[in-house]
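Reader: Before I use the labels on this chain, I would like to hear what stands behind them. Please take them in turn.

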Amino acid sequence: NSGLFAQAEYQINDFTLSAGARHERVKYNFAPVGVTKLKKGSNLDAFDLGANYKFSQELSMFTNFNQAFQAPDLDRFFGFGFGFNPNIVPAKSQTFNIGLNHVLANNRLKITAFHTDLENEIYLDLATFNNTNIDESHKYGVEIQDYFKFNNQLAASLIYNYTRAKIDREDAAGGAYNGKDLPGVPKHTVVANLNYQFLNHASLNLNHTWRAK
């Protein structure tokens with residue numbers, strides 16, 4: 001892997017613009033004796049465009065649009081215990097976010113709505129025990145984050161995420177998966193955290209995560 005990225009930010013009074021871009025070259029070479037040889041490469045591009053407007057010292061609104069990619073790890077080309085898929089390709093996504101930040105001395109609240117279009121998301125096909133790609137899918141939902149500081153020693157945070165994920169098109173299954181929920185994506189996720197700093201340089205943290213089926 002070799003990559004190049006750039007990032008910039010420009011502020012005009014209460015309005016902030018940000019932009020970033022990345023170009024990456026990924027190359028694979030796999031040539032064992034008696035097994036399908038693989039030598040391929042991908043040129044991948046990602047970017048992020050964002051804007052933030054501060055209504056007051058406490059309240060701000062933000063939005064951003066980004067394109068991202070995930071090149072398959074080398075072990076993704078191999079099946080579970082057997083099998084090999086040399087045709088697996090990098091996954092790509094385009095995401096739009098919009099949200100609000102509300103910040104007080106002892107409380108930080110962030111609410112974000114999102115929509116993501118995915119292309120070639122990588123998954124394990126249990127029919128063949130090979131990793132492969134879903135042709136087209138999408139996700140959308142909302143995330144709420146809240147952090148509350150009770151005093152100098154005790155603080156708590158809560159994150160709630162609601163996500164719907166659907167398969168739009170999967171040619172490998174002959175259309176049998178089209179319109180179905182994307183496996184492995186819970187509709188509801190809650191992460192609760194409690195932190196107690198009992199010494200200047202030591203703290204105790206309690207964390208719990210709950211996910212729907």
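Reader: What share of the residues of the chain count as buried, and what makes a residue buried?

Author: Of the 213 residues, 28% count as buried. Buried means under 20% relative accessible area, exposed means over 50%, and partly exposed lies in between, with a 1.4 Å probe and protein chains only. This is a predicted model, in which local features need pLDDT of at least 70, side-chain atom pairs count only at pLDDT 80 or more, and totals for chains, interfaces and linings use all residues. Residues are numbered from 1 along each chain as its sequence is written, and side-chain values use heavy atoms, with hydrogens and water left out.

Reader: Why is Ser60 called buried?

Author: Ser60 has 10% relative accessibility, so Ser60 counts as buried under the 20% limit. Ser60 sits in strand β4, residues 59–70; strands are DSSP runs of E of at least two residues, and helices are runs of H or I of at least four, both numbered from the N terminus. Leaving aside neighbours within four places in sequence, Ser60 is in contact (heavy atoms within 4.5 Å) with residues including Tyr53, Phe55 and Leu100.

Reader: How many helices and strands does the chain have?

Author: The chain has 0 helices and 10 strands.

Reader: What makes a set of residues a nonpolar core, and which residues have the most contacts inside the largest one?

Author: A nonpolar core is a set of buried Ala, Val, Leu, Ile, Met, Phe, Trp, Tyr and Cys residues joined through side-chain atoms within 4.5 Å. The largest here has 13 residues, and those with the most contacts inside it are Val26, Tyr28, Leu38, Leu44, Ala71, Phe77 and Phe84. Strands β2 (15–30) and β3 (38–54) each give two or more residues to this core. A second, separate core of 5 residues includes Tyr123, Ala165, Ile167 and Leu182. In soluble globular proteins, nonpolar side chains tend to be buried together.

Reader: Which residues does Tyr28 touch?

Author: Not counting residues up to four places away in sequence, Tyr28 touches Leu38, Lys39, Lys40, Ala71, Pro72, Leu74 and Phe77.

Reader: Is His208 buried or exposed, and how do you know?

Author: His208 has 53% relative accessibility; the limit for exposed is over 50%, so His208 counts as exposed. His208 belongs to strand β10, residues 202–211. With neighbours within four places left aside, His208 is in contact with Val190, Val191 and Ala192. His208 and Val190 are 18 residues apart in sequence, and their C-alpha atoms are 8.2 Å apart.

Reader: Why is Leu154 called partly exposed?

Author: The relative accessible area of Leu154 is 27%, which falls between 20% and 50%, so Leu154 is partly exposed. Leu154 lies in strand β8, residues 154–169. Leu154 and Asn195 are 41 residues apart in sequence but 5.8 Å apart in space, C-alpha to C-alpha.

Reader: What is the phi of Asn13, and what of Asn120?

Author: Phi of Asn13 is near 55 degrees, a positive value in a residue other than glycine. Asn120 also has a positive phi, of about 65 degrees, and is not a glycine. Asn13 is found in the loop between β1 (2–12) and β2, whereas Asn120 lies in strand β6, residues 107–125.
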